[in-house]
Amino acid sequence: MKSLIDILELSEQEIMELVNTAGDIIDHPAEYAHKCDGKILATLFFEPSTRTRLSFESAMLSLGGKVLGFSEAKSSSAAKGESVADTVRTVSCYSDIIAMRHPKEGAPLVASMHSLVPVINAGDGGHNHPTQTLTDLLTIHREMGRFENLTVGLCGDLKFGRTVHSLVSAMSRYPGVRFVLISPEELKLPRYVKEQYIKAKNIPYTQSTDLEAVMPELDILYMTRVQRERFFNEEDYLRLKDSYILTPDKLRGAKESLRILHPLPRVNEISVAVDSDPRACYFKQVQYGKYIRMALILKLLELK
Amino acid sequence: MIIDSIQNGIVIDHITAGKSMELYQILGLDQLDCTVAILKNVTSGKLGCKDIIKIDREMDLDWDLIGYVDPSITVNIIRDGKLVEKRTLKLPERIRGVLKCKNPRCITSVEQELPQEFVLTDREKRVYRCRYCETQAGK
């Protein structure tokens with residue numbers, strides 16, 4: 001029995017299989033409408049994340065399965081002090097597959113060690129969120145037709161953004177990929193991420209504080225939010241915040257084939273005026289998130 | 001200074017100078033009722049200066065733990081005054097129950113009886129990370 005805790009547990013071949021299955025679901029949704037008849041997905045959300053939970057639930061319902069679960073810790077037995085191990089031992093008797101979100105890092109791994117059914121990590125603190133990365137990968141592949149030979153720009157909070165770290169680790173496995181890391185000094189990609197996934201593989205990369213200057217190089221622009229609370233002083237935040245807000249003006253030098261991604265929710269880091277630009281993909285990305293979760297559920301339940 | 005050789009026991013040799021007390025504590029040698037000699041700053045041709053621990057009886061040792069504290073260590077097993085086994089150590093792939101994860105957001109901070117476990121992620125730089133949250137040991 002297999003679970004998914006970290007994106008790197010999936011080989012490039014397995015990711016390609018998931019991407020292909022998701023593509024087939026997009027093309028022939030009716031053929032998948034009853035694949036999970038009689039199956040139950042448990043969504044154990046120890047912290048609220050409406051978007052991710054609904055994506056999982058919509059995925060399972062679209063496969064003909066059913067869902068049960070809770071959406072915050074206070075409505076679970078965790079509020080009484082039950083361990084993750086005991087909760088998952090119990091819930092795995094009621095379900096065929098579990099999607100777990102937990103504020104403590106490593107909780108889904110602990111769950112997978114005690115569960116009778118596959119566990120999907122739906123986000124554990126600032127650590128992993130593999131189905132977001134799968135969503136990002138499916139979006140890139142659907143929009144660009146490949147993972148190889150792409151210049152991937154990552155912009156905003158590269159220090160604390162777990163989606164950025166996961167995407168770097170996942171994309172670093174494909175040949176011809178180049179990274180452009182765009183952030184204020186204070187929020188640069190952590191050294192260990194750079195060393196482990198970029199330098200160790202001799203992947204070309206550049207660092208910049210100027211989004212507009214590097215825009216013409218990019219095939220993918222992955223936006224994240226620069227948050228006020230990440231800065232030591234207000235002055236620095238006010239000085240820098242607008243540099244990392246994407247507007248139609250900043251897109252002037254961009255390629256026509258550029259694709260703009262964002263893990264959402266967006267606050268103000270992408271101007272609403274960009275939404276109508278054909279290069280904006282972040283709402284399509286939400287849709288792709290459901291399809292890749294459908295593909296993942298099928299894979300982990302070993303259903304064709 | 002002369003310390004007698006032992007007849008039956010263990011000599012933990014080539015300890016990096018200054019690390020013998022850490023090893024003494026971590027291996028729980030203070031719990032033994034036999035003679036244990038700690039030699040500090042012994043002149044060594046190989047290391048310049050080293051520590052040595054002599055234990056006057058045979059016992060099971062946690063090789064992974066010793067390797068983690070100091071992979072340059074050599075362990076000699078002595079029986080009837082003769083060297084019967086010489087073991088060189090290396091950094092273990094995993095360490096259980098020794099280090100504690102300092103990340104307050106790690107599941108080990110709340111989950112009952114979950115063993116602390118660290119995984120070697122960079123042998124060259126001796127980097128261990130928590131199995132659960134991947135925080136670097138000591139950070």
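Reply: Start with chain A as a whole. It holds ten helices and nine strands. Keep in mind that this is a predicted model.

Take the contacts in chain A with a separation of 6 or more: 73% of them come from residues 24 or more positions apart. Of the 304 residues, 57% count as buried.

Now the core itself. In soluble globular proteins, nonpolar side chains tend to be buried together. The largest nonpolar core here has 58 residues. Six of its residues touch the most other members: A:L134, A:I140, A:L154, A:M171, A:F179 and A:I297. Which helix gives the most to this core? It is helix α10 of chain A, residues 282–300, with nine residues.

Zoom in on A:M171. Set aside its neighbours within four places in sequence. A:M171 is then in contact with A:L137, A:I140, A:F147, A:L150, A:V152, A:V177 and A:F179. Two of these, A:I140 and A:F179, are also on the list of residues that touch the most other core members.

A second, separate core has 49 residues. Its members include A:V119, B:I77, B:L114 and B:C130.

Look next at helix α6 of chain A, residues 162–171. A:S169 lies in this helix. Is A:S169 buried or exposed? Its relative accessibility is 3%, so A:S169 counts as buried; the cut-off for buried is under 20%. Beyond residues up to four places away in sequence, A:S169 touches A:I7, A:L8 and A:Y197.

Chain A carries 38 positive and 39 negative charges, and their mean positions are 1 Å apart.

Finally, chain B, which supplies B:I77, B:L114 and B:C130 to the second core. Chain B has two helices and eight strands. From the N terminus on, its elements run β-α-β-β-α-β-β-β-β-β. Of its 139 residues, 43% count as buried. Chain B exposes about 8000 Å², with 46% supplied by carbon and sulfur atoms.

Notes. Residues are numbered from 1 along each chain as its sequence is written. Chains are lettered from A and ligands numbered from 1 in the order in which they are written. This is a predicted model: local features need pLDDT of at least 70, side-chain atom pairs count only at pLDDT 80 or more; totals for chains, interfaces and linings use all residues. Side-chain values use heavy atoms; hydrogens and water are left out. Helices (H or I, at least four residues) and strands (E, at least two) are DSSP runs, numbered from the N terminus. Buried means under 20% relative accessible area, exposed over 50%, partly exposed in between (1.4 Å probe, protein chains only). Contact means heavy atoms within 4.5 Å. Lys and Arg count as positive and Asp and Glu as negative; His and the chain ends are not counted. The place of a charge is taken as NZ of Lys, CZ of Arg, CG of Asp or CD of Glu. A nonpolar core is a set of buried Ala, Val, Leu, Ile, Met, Phe, Trp, Tyr and Cys residues joined through side-chain atoms within 4.5 Å. Accessible areas come from the Shrake-Rupley method with a 1.4 Å probe; for residues, only the protein chains shown count as cover.
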